[in-house]
Amino acid sequence: MLVELAIGDAYGAGFEYAPAPFVAANNDVTTYRQHPRHTDIKPGQYTDDTQMTLAIAELLADGAQWTPRELADRFVAVFHRDPRAGYASGFHALLSEVHTGAELLSRLRPTSDKSGAAMRAAPIGLLPTTPDVLHHAELQAKITHNTPAGIASAQAAALAVHYCDRDLGPLTEVGTWISDVLDDDWSTPWSGKVGSQGRMSVQAALTAMSAGSLTAILHTSISYTGDVDTVATIALAAASRALPPDLPPSLVDGLENGPYGRDYLTALESRLLP
C-alpha cells in the first residue's frame with residue numbers, strides 16, 4: 001500500500017496543475033515526468049502527501065498514543081529529517097521554523113477545507129473497525145483541517161482503504177458504502193479538473209477506483225488534471241489493498257529509494273500489516 005501510494009504521489013507530481021495538453025500528451029503511465037514548472041521536484045520523488053502519510057504510519061506502527069501533540073511531533077520530525085518540496089508554501093515555512101509539535105500546534109490556524117488531512121489518512125484505514133477509522137481520521141484532521149469538509153474528506157479517504165482492506169464489496173460500490181457510513185453523498189461520479197478542496201480529491205479518487213486495475217486507476221487519476229498527485233495517492237492507497245499489483249516496473253524501480261524511499265516504505269508497511 002505505501003509503495004503504491006508513493007508511486008501515485010510521485011507520478012502525479014509531474015502533472016499537478018500542469019496544462020491539460022501536457023497531461024494528455026505525457027500521461028502514458030510508463031515513466032515519471034518532470035513537471036514543466038516545478039523543477040525542484042525531480043522525476044520519481046514523492047511529495048508532502050507521502051511524507052505526511054509516513055508520520056501517520058509510523059505512529060500507528062509504533063503503537064504510540066494517538067494525541068494531537070504526538071501527531072504534531074511526528075509531522076515536524078518527518079519534515080526536518082528529510083526536508084522536501086511539495087508542501088503549501090505557508091505550511092512549508094511554518095514547518096521550517098518550528099522544531100516541536102507543541103510549537104506547531106500553537107501557531108497553526110486549522111481552518112482549511114483543502115486536501116492535506118485526506119492525503120495522509122490512508123494508514124488509518126487499516127484499523128480494525130469503522131468507528132476506529134472515523135475517530136482516528138477525525139483527530140488527525142482537526143490538527144490542520146478542523147472544518148466539517150476537512151474532517152469528512154479525511155474520514156472518506158481512510159474509509160476507502162478500510163473498505164478495500166476488509167473486502168467489503170466491489171470497488172465500484174466504495175462511494176456508496178462511504179456515503180452510508182458518513183450519511184453524505186460520496187457516490188456521485190467525479191468529472192473535470194480537481195481543485196484544492198479535500199472533497200474534490202477524494203471524490204475523484206473514489207471515481208477513479210472503478211477503472212479496473214492499478215495502472216488504469218493511476219492513468220484515470222491523472223487525466224482529471226488539477227490536484228492529481230493527491231487523487232492518485234488516495235486512489236492507489238485504497239485500491240492496492242484489493243487489486244493485484246500491476247503497476248509498471250519502470251514506476252516501481254524508478255521511485256526514489258533513499259533513506260525514506262521505496263525500501264523504507266516496504267519495511268514500514270510490513271510493520272503495519274499482519
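At what angle do the axes of α8 and helix α9 cross, and within what distance do they come? The model is predicted, so local features need pLDDT of at least 70 and side-chain atom pairs count only at pLDDT 80 or more, while totals for chains, interfaces and linings use all residues. Residues are numbered from 1 along each chain as its sequence is written, and side-chain values use heavy atoms, with hydrogens and water left out.

The axes of α8 and helix α9 (residues 148–165) cross at roughly 140° and come within 8 Å. Helices here are DSSP runs (H or I, at least four residues), numbered from the N terminus. Axes are lines fitted to C-alpha atoms, for helices over the stretch in contact, and angles run from 0 to 180 degrees between N-to-C directions. The angle makes α8 oblique to α9. Angles under 35 degrees count as roughly parallel, over 145 as roughly antiparallel, 65 to 115 as roughly perpendicular and the rest as oblique. The crossing of α8 and α9 is right-handed; a crossing has that hand if the near helix is turned clockwise from the far one by less than a right angle, and is left-handed if anticlockwise.

On the α8 side, Thr-130, Val-133, Leu-134, Ala-137, Glu-138, Gln-140, Ala-141 and Lys-142 take part, meeting Gly-150, Ile-151, Ala-154, Gln-155, Ala-158, Leu-159 and His-162 of α9. Contact means heavy atoms within 4.5 Å. By class, the residues of the contact of α8 with α9 are 8 nonpolar, 5 polar and 2 charged. In this scheme Ala, Val, Leu, Ile, Met, Phe, Trp, Tyr, Cys and Pro count as nonpolar, Asp, Glu, Lys and Arg as charged, and the others, Gly among them, as polar.

Thr-130, in helix α8, can be followed individually. Its relative accessibility is 21%, so Thr-130 counts as partly exposed. Buried means under 20% relative accessible area, exposed over 50%, and partly exposed in between (1.4 Å probe, protein chains only). Apart from neighbours within four places in sequence, Thr-130 is in contact with Leu-159, His-162, Trp-177 and Val-181. Thr-130 and Val-181 are 51 residues apart along the chain, and their C-alpha atoms are separated by 8.5 Å.

Helix α9 also packs against helix α13 (residues 228–239): the two axes come within 7 Å and cross at roughly 25°. The two helices are therefore roughly parallel to each other. Ala-157, Ala-160, Val-161 and Cys-164 of α9 make this contact with Ile-234, Ala-237, Ala-238 and Ala-239 of α13. The residues of the contact of α9 with α13 comprise 8 nonpolar, no polar and no charged.

Thr-233 also lies in helix α13. With 1% relative accessibility, Thr-233 counts as buried. Not counting residues up to four places away in sequence, Thr-233 touches Leu-5, Gly-8, Asp-9, Asp-49 and Met-119.

Next comes helix α3. The axes of α3 and helix α15 (residues 262–272) come within 9 Å and cross at roughly 35°, and this crossing is left-handed. Thr-50, Leu-54, Ala-57, Glu-58, Leu-60, Ala-61 and Asp-62 in α3 meet Tyr-264, Leu-265, Leu-268, Arg-271 and Leu-272 in α15. The residues of the contact of α3 with α15 split into 8 nonpolar, 1 polar and 3 charged.

Helix α3 (48–62) is also among the elements that cover the buried residues of α4, which include α5 (89–97), α6 (101–107) and α8 (130–144). Those buried residues are Leu-71, Ala-72, Arg-74, Phe-75, Val-76, Val-78 and Phe-79. Arg-74 counts as buried because its relative accessibility is 15%. Leaving out residues up to four places away in sequence, Arg-74 touches Ala-55, Glu-58, Leu-59, Asp-62 and Ala-64. As for the length of helix α4 (residues 68–81), its 14 residues should span 20 Å at 1.5 Å a residue, and the end C-alpha atoms are 20 Å apart, which agrees. The expected span is 1.5 Å times one less than the number of residues.

Two loop residues remain. Val-29, in the loop between α2 (20–26) and α3, has a positive phi of about 55° although it is not a glycine. Asp-183, in the loop between α10 (174–182) and α11 (198–208), has a positive phi near 55° and is likewise a residue other than glycine. Val-29 is buried, with a relative accessible area of 5%, whereas Asp-183 is exposed, at 73%.
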